[in-house]
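Please look over the sequence and the model below. The paragraphs that follow go from one pair of side chains to the chain as a whole.

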Amino acid sequence: MFTGIDEVDWASLGHAYGPADDVPGLLRGLASPDPVEREAALDGMYAAVHHQGDVYDSTLACIPFLLELVASPEVQDRGAVVELLTSIGGIELDGDDEPGPDEEEFEEAANYAMAASAVAAGADVFTGLLSDDDPGVRLAVPCALAVLHGEPARVLALLRGRLAAEQDAEVRLALVEAVGRIALRHAALRAEAAQWLSGLLAPDHPAGLRLAALAQLARCAPDALPKGIAATVPALLREADGPGGPGHGRGTDDLLRTLHSALGDRVDERVALLVARLSDGDPAQRTDAVWMCHGLIRTWRGPYEELVRSVGAQLGDPEPRLRAAAASLLESLFGLARPAADALAARIDTSGAGAGPRDDRALIALARLGDPRAVPALAVALAEPEPPRGAAFAVPYLGQSAAPLAPVLRRRLGEVGLDDQLFDRAGPLLRALGALRAAEALPEVLRVLRGAPQRGGEWVTESALRALAAFGPAALPAAPELCALLRSPSSSVATAAARALWSVAGDADAVLPVLRRFLAADGPDERRSAATALGFLGAPAKPAVPALRGLLAARERWLRMDAAIALWRVTGETGDALPVLLTAWEENRYGRVEVAECLARMGPAASPAAPLLRAELSRPRRHNVLDGGSGTHDIERDERLLTLCRQALADQG
């Protein structure tokens, strides 16, 4: 074994941490009879030679020796080496991903391509391992064949033939998954694979195998799924979770997750599956189901009342991780959490005998619903030395039912230190007081406004100015401060001061020159701030109409949108603004909430937007879904968009 390994000039090759002269030791460690040494060698390969999926010249040099390892029956833990080879050789670059020879990533992409070619050239070694004595090898090999072998039709036949002889339940699932992979990668084999998978749905097959087949059909041939799977899958899950099932719960969670995701926009079926899991799974399985709920609701629109009630029921479970997962999900749902309101209220009621500590996430979720039952607990939370994160931010959702919170908010604002932590501590309080229009807090707001640090104080200054604007004429004593801030070199501060001064004193002559000056500035951010403030003024901003109209052809799409909204608010005329808004809708989905709000205010004059609004309401996918990430208010914003679309259409008659 390892013939020629010492003839490689490893020191001239590299990996993630420099010269690769340590690689021969790692390769030999993979063949060691000592399990500790094998594990350390495998960790070293992933840490250095295949660091975060990268392929180096030393990685390429390792491939022949890794293939030799998996072909040697005396080597233990060969399944882990098969997985390593699958990862090294399984990276695919399509035409859009391939950089040109002059690009910095060209060498890296070339290494990936050479690795795929080198592993594929030796992939025949895997065909002989389908019946290996080591179940760990048999578990890893199906995926390797599906991903790496250059003859997919031959591999498909081998996988199908192996299933009948395979006795290990987990390996059988791996064979089915590998068939699904082939069907996804090779359209010409999809019908054949789907027909075989459909045959595995027969009642004489084990429940776990039937679930695996359903999951792969959903991925590669969803039209071939039988009807009524939402009714049959829960029974299969219960059977598979029993003795002899694949992994006793954890394996079925993987199957359910695959099936659930593969169903895509078939929301009703996905909801039914999750409701069933939340009703009869053990706490760990129900916790997984709650996290699956999050991904579903964040991505797809749909009727979620029953599912949300089922999630709310988990708040009373003794398992803390399940309760935490349920509260976290409900906190992110805002208005969609309403079916769980009673469960949330019960969770924050700590007055009863034997009651546990208050659940802060449940409290914030209830407040975000606008439920007055949150107010007493929120008052207690806000009075604590370190209030829960998000407590003050939740106050505006309660509307005027939160008025009793004004005194504690005012006291907390008066206590914050005027230091570099001012924005983090004062920002939420200022927003809450502004939402309540609690003008009695004027002294505390002015204290923050005057004490904002010179460095990094703009954000807290703007927050204070927004609170003063919300107070309206009751904040007239702040007018001198506001006039002084009109001269700020910061456009965001100066325009926020202009809005506040207009709200407090109604003096358009004082604020228009400042706003028109920023409207003509070079930077798009300055012009956007000024346009938004002019729209806030409304008709008194008519002297700025020519400049606003000129911005409708600006290069920046956000600026065009803001200028169109402001122009309509100032003039009440749709002729110039509406076409720009309709274009903005199409070219910038992240601005649709602002556009829809404007369209809803236009009433019948916005009728040309009706096709766009109806199309939005018919889309199953949320408008602001980001692959690989999400924001805390994404669901709320999309639900607000839907509400505004319906409102705009209703107002058009």
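Are Asp132 and Arg78 buried or exposed? Both Asp132 and Arg78 are buried, where buried means under 20% relative accessible area, exposed means over 50%, and partly exposed lies in between (1.4 Å probe, protein chains only).

This is a predicted model, in which local features need pLDDT of at least 70 and side-chain atom pairs count only at pLDDT 80 or more, while totals for chains, interfaces and linings use all residues. Residues are numbered from 1 along each chain as its sequence is written, and side-chain values use heavy atoms, with hydrogens and water left out.

Asp132 and Arg78 form a salt bridge, with 2.9 Å between the closest N and O atoms. A salt bridge here is a side-chain nitrogen of Lys or Arg within 4 Å of a carboxyl oxygen of Asp or Glu. Side chains of opposite charge can pair when their charged atoms come close. Asp132 sits in the loop between α6 (124-127) and α7 (135-148), and Arg78 in helix α4 (residues 78-89); the pair links distant parts of the chain, 54 residues apart. Helices (H or I, at least four residues) and strands (E, at least two) are DSSP runs, numbered from the N terminus.

Another salt bridge joins Asp317 and Arg286, at 2.9 Å from N to O. Asp317 is in the loop between α16 (305-313) and α17 (320-333) and Arg286 is in helix α15 (residues 283-299), so this pair ties together parts that are 31 residues apart in sequence. Asp317 counts as buried because its relative accessibility is 13%. Arg286 is buried too, with a relative accessible area of 12%.

What separates Glu415 and Arg411 in helix α22? Because they are four residues apart in helix α22 (residues 406-415), about one helical turn separates Glu415 and Arg411. Glu415 forms a salt bridge with Arg411, the closest N and O atoms being 3.1 Å apart. Glu415 is partly exposed at 47% relative accessibility, and Arg411 is partly exposed at 38%.

Salt bridges also form a network, which links Arg301, Arg592, Glu616, Arg619, Arg622, Asp638 and Glu639. The structure holds 40 salt bridges.

Now consider the whole chain. The protein chain has 35 helices and two strands. Its C-alpha atoms fill a box of roughly 85 × 65 × 55 Å, taken along the principal axes. Of the 653 residues in the protein chain, 51% are buried.
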